[in-house]
Amino acid sequence: MSTKKPGLRAVADDEVAAPAKPLSVTQAAKSGSHRDLLVAMRDRIAETVTNAACPPRDLASLTKRLQDIANEIEAIDAREDDDAPGRLRELEAALREIQPEHPLLTGTVDDRYDASAI
């Protein structure tokens, strides 16, 4: 009986790629992005916090750090997803409807620094 090892094959259009194996904190620190490092740290801290052997004296500080890291990852993701140019066009169009001759639209804004204005 011959056992054939699975080889490479083409991926169908409707197939989803397998999730990438998470990096360890050490691997992420050496070769990953800042987000990769944060994700590895988040996962490591989450494991420690959920472990029944986690010392109670460490639980509060680890939980706080876990929350801080989660917020930082969320902020990075939000910046990556932000469609600033599209949003800018929407705001410009709205301003044009309200006040077509606005200085921001006509290019007549004088943005030179004037120390005497202070």
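Let me start with I73, which touches R35, L38, V39 and R42 when residues up to four places away in sequence are not counted, where contact means heavy atoms within 4.5 Å. Residues are numbered from 1 along each chain as its sequence is written, and side-chain values use heavy atoms, with hydrogens and water left out.

Now to confidence. The pLDDT, which is the predictor's confidence in each residue on a scale from 0 to 100, averages 84 over the chain, and 88% of the residues score at least 70. Helix 2 (residues 34-50) has the highest mean in the chain, at 95, whereas helix 5 (residues 103-106) has the lowest, at 79; helices here are DSSP runs of H or I with at least four residues, and strands are runs of E with at least two, numbered from the N terminus. Where pLDDT is low, the predicted coordinates should not be read in detail.

Back to I73, which belongs to the largest nonpolar core, together with L38, V39, I45, I69 and I76, six residues in all. Such a core is a set of buried Ala, Val, Leu, Ile, Met, Phe, Trp, Tyr and Cys residues joined through side-chain atoms within 4.5 Å, and buried means under 20% relative accessible area, with exposed being over 50% and partly exposed in between, using a 1.4 Å probe and protein chains only. Helix 2 and helix 3 are the elements that give two or more residues to this core.

What else ties parts of these two helices together? R35, one of the residues touched by I73, forms a salt bridge with D77, with the closest N and O atoms 2.6 Å apart; the term requires a side-chain nitrogen of Lys or Arg within 4 Å of a carboxyl oxygen of Asp or Glu. Because R35 lies in helix 2 and D77 in helix 3 (residues 56-81), the pair ties together parts that are 42 residues apart in sequence. R35 is partly exposed at 26% relative accessible area, and D77 is also partly exposed, at 23%.

By this rule there are five salt bridges, and another of them joins the side chains of E92 and R96 at 2.8 Å, N to O.

Key: This is a predicted model: local features need pLDDT of at least 70, side-chain atom pairs count only at pLDDT 80 or more; totals for chains, interfaces and linings use all residues.
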